[in-house]
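Hi everyone, thanks for coming. I'd like to walk you through one model today, starting with a pair of helices. Have a look at it first.

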Amino acid sequence: MERYGQYAETNTVHSLVIYEWASQIDMKDARHTFDRISGIVGHPPDLATVVDENEGKDYPYASFMKRNIIQKKEWLSFGYLWKRSDQILSDFSIDIGCAIRNFRCAEVHIDETSVEDISSIFEKVLSIIADGINPIYGIGYKMPYYWGPREFAHGTASSRYSVSDKSLFGAPDRLKQQSFQFSRTFHSRNEERHLDIDLRDVFEINLISEGHLNRRVGRKSLRDWIKANELGVLEQMTPVTWRWNVPVAEICKARKDLIDAGITVVKE
């Protein structure tokens, strides 16, 4: 297959976003983790991007590595990008990034057609991230590219069309509103986000920790409520991180009870 021929606006993107973590990391640590992810993707990124207090810069990956750009400054954010098109520099098939101070998050977005086995690759990425930063809170989800999975991670919305005839535009209204409800939390100072005890919402993959598991849902802790209601599978990944997988068919029930309990940021 020609390198860029498989990419379409309707392709499904698999996303993992971590909002809080326990490990003390800097951008050099983030690069080490991202290099491990690049290794399992199977080919190097096209671009590396960095942001400081004043501006953002993109570098061809080979130049970024040769010049050791990551060592030049105390960057605010850093990422790797794999292009979807040789001509369009703003569209990416794989997008991984990390911001430690402002708008804190570590994120991975992978177009399902950019790797040979997306399910296997995603599980390996999840394991690398868990080992590297010990997530306190994070989410995993899937959505079409034109819905804007990266924008959704940040509490904003996409402005893309699904196909050339412009029949569908961006994410559904309900998903946009759920994204916007998270925007204030995402853009708050780190110590004011309270994502060590609150959930953004309920997703197919929820990476949670003791602060969440000890929250009350009725007369039970969240940990006991999950087990009592047999809502998904809860398993420990690291000394800090628990993974709560919720089948899509059960998300509506789970989120209603957690919204009523006051545990979620999103209320609709």
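Helix α1 (residues 27-41) packs against helix α3 (residues 118-133) at an angle of about 165°, and their axes lie 10 Å apart. Those axes are lines fitted to C-alpha atoms, over the stretch in contact for helices, with angles running from 0 to 180 degrees between N-to-C directions. Helices here are DSSP runs of H or I with at least four residues, strands are runs of E with at least two, and both are numbered from the N terminus. The two helices, α1 and α3, are therefore roughly antiparallel, a label used for angles over 145 degrees.

A word on the source: this is a predicted model, where local features need pLDDT of at least 70 and side-chain atom pairs count only at pLDDT 80 or more, while totals for chains, interfaces and linings use all residues. Residues are numbered from 1 along each chain as its sequence is written, and side-chain values use heavy atoms, leaving out hydrogens and water.

Who makes the contact, meaning heavy atoms within 4.5 Å? From α1 we have Thr33, Arg36, Ile37 and Ile40, and from α3 come Ile121, Lys124, Val125, Ile128, Ile129 and Gly132.

Now to the strands. Is β1 (residues 12-21) enclosed or open? Nine of its 10 residues are buried, so β1 is largely enclosed by the rest of the structure; buried means under 20% relative accessible area, exposed means over 50%, and partly exposed is in between, with a 1.4 Å probe and protein chains only.

Phe64 sits in helix α2 (residues 61-66) and, at 1% relative accessibility, counts as buried. Beyond its neighbours within four places in sequence, Phe64 contacts Arg31, Ala48, Val50, Tyr59, Ile69, Ile70, Phe78 and Tyr80.

Met237, in the loop between β11 (233-236) and β12 (242-245), is partly exposed, with a relative accessible area of 29%. Not counting residues up to four places away in sequence, Met237 touches Leu126, Ala130, Leu207, Trp242 and Arg243. Of these, Ala130 is 107 residues from Met237 in sequence, yet 7.2 Å from it in space, C-alpha to C-alpha.

Definitions and conventions. Angles under 35 degrees count as roughly parallel, over 145 as roughly antiparallel, 65 to 115 as roughly perpendicular and the rest as oblique. Contact means heavy atoms within 4.5 Å.
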